[in-house]
Amino acid sequence: MTNKEHSPIILYGARFLSPYIMLFGFYVIFHGHYSPGGGFQGGTLLAASLLLVRIASGTEISSLQFKEYLATPYAALGVLIYFGTGLVALLYGGYFLDYEQLPIPGLEAADLRYWGILIIELGIGITVMTVLVLIYDNMVKGEDYA
Amino acid sequence: MIITFTTVLLYAASDLPLRGNPDNQMNQRESITGTEVPGNYYIREAYHDAHTPNIVTVILGDYRSVDTLGEQIVIFSAGLICFLLLRKRGQNDDE
């Protein structure tokens with residue numbers, strides 16, 4: 001870009017919209033049990049809210065929101081949440097990803113499945129969000145737009 | 001060419017069974033080969049198994065969870081490949 005000056009209108013507009021998109025993303029993840037939605041869709045919305053600030057403000061300001069080098073560890077963390085849920089169920093005497101065997105006290109089998117699905121959807125959401133941010137960051141690396 | 005293709009598609013679509021007809025093959029309890037269709041079990045038992053009203057979530061997250069784990073790993077490896085291909089290389093590696 002030749003014009004290096006920031007436009008405050010775009011920046012404030014993005015800052016205004018970003019939390020609402022993020023809230024809707026969390027709603028889509030956590031409400032996936034009752035309505036269409038889930039980890040993939042909600043993670044994409046979370047990534048949209050992060051990318052909006054990134055496009056509008058450039059690297060310096062957006063790194064206050066989500067640091068660039070954190071993307072890869074968080075993506076791995078999402079996969080580990082999913083895989084670890086399955087592995088814990090396996091170690092506690094069930095099949096792989098058999099949520100009935102999760103060691104959460106005070107819940108019957110069906111409710112354990114309910115919470116197990118929620119945990120893995122969170123893992124999917126984290127991975128999808130950070131992978132999309134990671135791809136964007138690597139594509140624009142070196143040239144600071146906006 | 002587009003008109004020809006559209007005609008072919010419309011001709012093929014005109015032969016499809018009506019949506020929602022209980023006599024359709026996809027709504028039967030048994031498939032053509034005589035085995036039981038899993039969709040029946042999902043629709044009848046999904047709420048009792050997981051206390052989750054959304055059947056699609058139960059299928060994706062519980063019955064077919066290994067498949068979903070594979071999808072997540074595909075996305076993760078796609079991100080890693082982008083990271084490895086697109087990251088800024090050091091001065092020595094530039095050719």
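Chain A and chain B bury about 2,500 Å² between them, and 70% of that is on carbon and sulfur atoms. Keep in mind as you look around that this is a predicted model. On the chain A side, A:F40, A:Y82 and A:N138 lose the most area to chain B, together making up 19% of what that side buries. Counted by residues, 34 from chain A are in contact with 27 from chain B.

Now for the polar side of things. There is 1 salt bridge between chain A and chain B. A:R113 and B:D62 form a salt bridge, with their closest N and O atoms 2.7 Å apart. Between the two chains you'll also find 12 residue pairs in polar contact. As for who supplies the chain A surface here, helix 4 (71–91) and helix 5 (109–139) of chain A are the elements that give two or more residues to the side touching chain B. Helix 5 of chain A brings the largest share, 16 residues. Sorted by class, that side of chain A has 21 nonpolar, 8 polar and 5 charged residues.

Let's turn to the aromatic rings. Over all chains, the structure holds 9 aromatic pairs. Take B:Y41 and B:Y63: their ring centres are 6.1 Å apart and their planes sit at 65 degrees, so this pair is edge-to-face. Since B:Y41 lies in helix 2 (residues 38–50) of chain B and B:Y63 in helix 3 (residues 55–63) of chain B, the pair ties together parts 22 residues apart in sequence. B:Y41 counts as partly exposed at 38% relative accessibility, and B:Y63 counts as partly exposed at 25%.

Definitions and conventions
Residues are numbered from 1 along each chain as its sequence is written. Chains are lettered from A and ligands numbered from 1 in the order in which they are written. This is a predicted model: local features need pLDDT of at least 70, side-chain atom pairs count only at pLDDT 80 or more; totals for chains, interfaces and linings use all residues. Side-chain values use heavy atoms; hydrogens and water are left out. Contact means heavy atoms within 4.5 Å. Buried area is the accessible area (1.4 Å probe) that two parts lose on being put together, summed over both. A salt bridge is a side-chain nitrogen of Lys or Arg within 4 Å of a carboxyl oxygen of Asp or Glu. A polar contact is a pair of N or O atoms within 3.5 Å; within protein, one must be able to donate a hydrogen and the other to accept it, and residues adjacent in sequence count only if both atoms are side-chain atoms. Helices (H or I, at least four residues) and strands (E, at least two) are DSSP runs, numbered from the N terminus. Ala, Val, Leu, Ile, Met, Phe, Trp, Tyr, Cys and Pro count as nonpolar, Asp, Glu, Lys and Arg as charged, and the others, Gly among them, as polar. Rings of Phe, Tyr and Trp (its six-membered ring) pair if their centres lie within 6.5 Å; planes under 30 degrees apart count as stacked, over 60 as edge-to-face and the rest as tilted. Buried means under 20% relative accessible area, exposed over 50%, partly exposed in between (1.4 Å probe, protein chains only).
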